[in-house]
Protein chains: 2
Amino acid sequence: MYKELNTSTRILMGPGPSDAHPRVLKAMSTPLIGHLDPEFVTIMDEVKEMVQKTFITKNHLTFVVSAPGSAGMETCLVNLVEPGDEVIICVNGVFGGRMADIAERCGATVHKIEKEWGTVVSAADVKKMLEICPKPKLVALVHAETSTGALQPIKEISDLVHDAGGLLMVDAVTSYCGVELRVDDWGIDAIYTGTQKNLSAPPGLSPVSFSNRALKVLENRKTKVQSWFLDLSLVKNYWGGAKRAYHHTAPVSSVYALRESLRIVLEEGLENRWKRHQEVHLALKSKLERLGFTYLVEEQYRLPNLNSVFLPEGNDEALLRSKLLNEYNIEVGGGLGTFAGKIWRIGIMGESCTLNHVNMLISALEDIKEFKKG
Amino acid sequence: MYKELNTSTRILMGPGPSDAHPRVLKAMSTPLIGHLDPEFVTIMDEVKEMVQKTFITKNHLTFVVSAPGSAGMETCLVNLVEPGDEVIICVNGVFGGRMADIAERCGATVHKIEKEWGTVVSAADVKKMLEICPKPKLVALVHAETSTGALQPIKEISDLVHDAGGLLMVDAVTSYCGVELRVDDWGIDAIYTGTQKNLSAPPGLSPVSFSNRALKVLENRKTKVQSWFLDLSLVKNYWGGAKRAYHHTAPVSSVYALRESLRIVLEEGLENRWKRHQEVHLALKSKLERLGFTYLVEEQYRLPNLNSVFLPEGNDEALLRSKLLNEYNIEVGGGLGTFAGKIWRIGIMGESCTLNHVNMLISALEDIKEFKKG
């Protein structure tokens, strides 16, 4: 009644997942071992080390949440925020809005810095908000807003936040391993990411890391963390410590895949990988512009790996996206929220970040007779 | 620096994960498609239907939480329980205790029915508690206590709970697809399970289902669900509804694996599968008893697929477990909590439920010179 799995061979150029490397797919089909097997503990240790290297951090409390990026976001907030805390959340897209929603569910008083979608938050914006809320427990922002393709500068804001005695929390789901990201140098206190973007592993896990400043906040909590599953005081004994304490059953196969994807990143080298994403972005950009596409985000704040673009006038974006998918097996992303039906989000992430991907997409568009050049 | 993944070929006879079927491993290595791809939506629909069939339910609100069983447990509780609610939790092992912990984090007043580990909760126990707490919002129990190997009868307690106007919530992590479980017939209002036990898929996902009674409780909540990631009012529009609304990125590869494992269960037939687990259990039991092992749980409440046994006297359980693992590649589970260092938990689940598995384990024990028969 239910047939063998038989999916089309897609070219993934949306906001994620991206194409997985064959080595990653192969690793995932490795027979299972127990999640408390000494061999698996070694694998967890290696993954933790590789996550530290790719976050460029020495943070001891670095591990992988056994659920997708949104759960990583929730992990940071439920652990660091207690009822009554004042927090500042920068909202310039879907994911900033989601952080504000979760912080409210934690009982925090949320001060939002709301910026137009597609723009970024400036140090001046943060300064202004610090006049209203001078002692925030935490300030959260999105490094790479997946809904708009905006790349948020971090360092200057980080200094402001620390001067005010707060913690800096960063969403790095779409920036991690694709653009420059330096957790320790930039003073990031809590960070989460996903596996299905520039890492090119399947979705389902969320690497996270917490600074020693964040650790102190965790240790001084007055209330229990509202989530048992995401409670770091429990999870940290599973991912570290002298004796591993059972917490939940780790997703063994997904950890295999993550390990292989991290190995591939380290083989390429982080800086080379950032450079590749930038170079392929420039190729894509010039070809898109030649067809009449225009970028949503101002050039200096543009994410190279997620290109948010308006189509040339007179095009039916939904029709073209479905033709790309059904006739060329190419997936590009539509707009989210404010930009639903208005923009495309073209991802060139990880294994999907090649000149061949760019050329497949551009040539397919040129083929489609309904496509109108600008 | 980090070598290719190179794990030992384990025989998994602990409390889970169990051995995965090669078809499941193969499905998981299928190249990714987007999580909003129409083909993936069809896969989600098929998985939902197959979960309904295996739960034996018509519940419309049936789907898969994108995280392990513990997150399924938390999904049920955070959605059904609000601050100030009175709930009854049956605690006869680790997982009952975990439910009580989570319910407290939801702000509930928790009434625990505490029973000795290895025993089950009787209808009389529930009746007695209903005198103290006559109008519970919810009564929760563990169908198959993974920490003790006890199988909890459900039907009679279900009637008591409904007569009192409460919801019945059930942990079916270790019973699902291995022993008789009938969600609709037994009047279960909220149920969660895992993939890594009798399904023999990798760990990482949690199928759940909610009755119409539970649905009404969800619709009449006065407060927001404290978890954004697990909020059913959001998740249900991702797993169903006329138009799929993006919530989080589903773990595509794990859903592939789950789909294949469900196909395998339906090919075998649920009742045949229950029968197989019972038959292999009897073979294991007679051989274990011949070696001097004794069961923790009284015969009529014994879980066939997870055998909790005391070793014959004079044996060093940790030494033997490590010899089984290191010399024979066989994993059996140690005790948890009260029974740490005291019992073994021998799983014969899904693909690990064969006479060959039983014979490998028994023969290995007979081989090990340190093992002392009883």
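The model is predicted: local features need pLDDT of at least 70, side-chain atom pairs count only at pLDDT 80 or more, and totals for chains, interfaces and linings use all residues. Residues are numbered from 1 along each chain as its sequence is written, while chains are lettered from A and ligands numbered from 1 in the order in which they are written.

## Chain A overall

Chain A has 12 helices and 14 strands. Helices (H or I, at least four residues) and strands (E, at least two) are DSSP runs, numbered from the N terminus. The radius of gyration of chain A is 21 Å, close to the 21 Å that the globule rule gives for 374 residues, so the chain is as compact as a globular protein of that length. That radius is taken over C-alpha atoms, and the globule rule is 2.2 Å times the number of residues to the power 0.38. Along the principal axes, the C-alpha atoms of chain A fill a box of roughly 65 × 55 × 45 Å.

Of the 374 residues, 57% count as buried. Buried means that 20 or more other C-beta atoms, placed from the backbone, lie within 10 Å of the residue's own. Two residues are in contact if their C-beta atoms, placed from the backbone, lie within 7 Å. Among contacts in chain A between residues at least 6 apart in sequence, 72% join residues at least 24 apart.

## The seven-stranded sheet

An open sheet of 7 strands in chain A runs in the order S2-S10-S9-S8-S5-S3-S4, with mixed pairing. Its edge strands are S2 (61-65) and S4 (109-114), and each pairs on one side only. From one strand to the next, the twist averages 15 degrees. Two strands pair if DSSP finds at least two bridges between them. Strands of a sheet pair through backbone hydrogen bonds, either parallel or antiparallel.

Strand S8 (residues 167-171) of chain A pairs with both S5 and S9.

| Pair in chain A | Sense | Bridges | Facing residues |
|---|---|---|---|
| S5 and S8 | parallel | 5 bridges | A:Leu138 and A:Leu167 |
| S8 and S9 | parallel | 3 bridges | A:Val170 and A:Ile191 |

S8(A) is mostly covered, with 5 of its 5 residues buried. A:Leu167, A:Met169 and A:Asp171 point one way, and A:Leu168 and A:Val170 the other. In a regular strand the side chains alternate between the two faces of the sheet.

Helix H4 (residues 94-105) of chain A has 12 residues. It reaches 17 Å from first C-alpha to last, close to the 16 Å expected at 1.5 Å a residue. The expected span is 1.5 Å times one less than the number of residues. Its buried residues include A:Phe95, A:Met99 and A:Ile102. Among the elements covering the buried residues of H4(A) are H3 (69-80), S3 and S8 of chain A. Just after H4(A), A:Gly107 takes a positive phi of about 85 degrees.

Helix H5 (residues 123-132) of chain A lies across S3 (86-91), S4 and S5 (138-142), at about 150 degrees to S4(A). Axes are lines fitted to C-alpha atoms, for helices over the stretch in contact, and angles run from 0 to 180 degrees between N-to-C directions.

## Contact with chain B

The contact takes 61 residues from chain A and 61 residues from chain B. H9(A) gives the most to the chain A side, with 7 residues.

Key
Buried ≥ 20, exposed ≤ 12 C-beta atoms within 10 Å, placed from the backbone.
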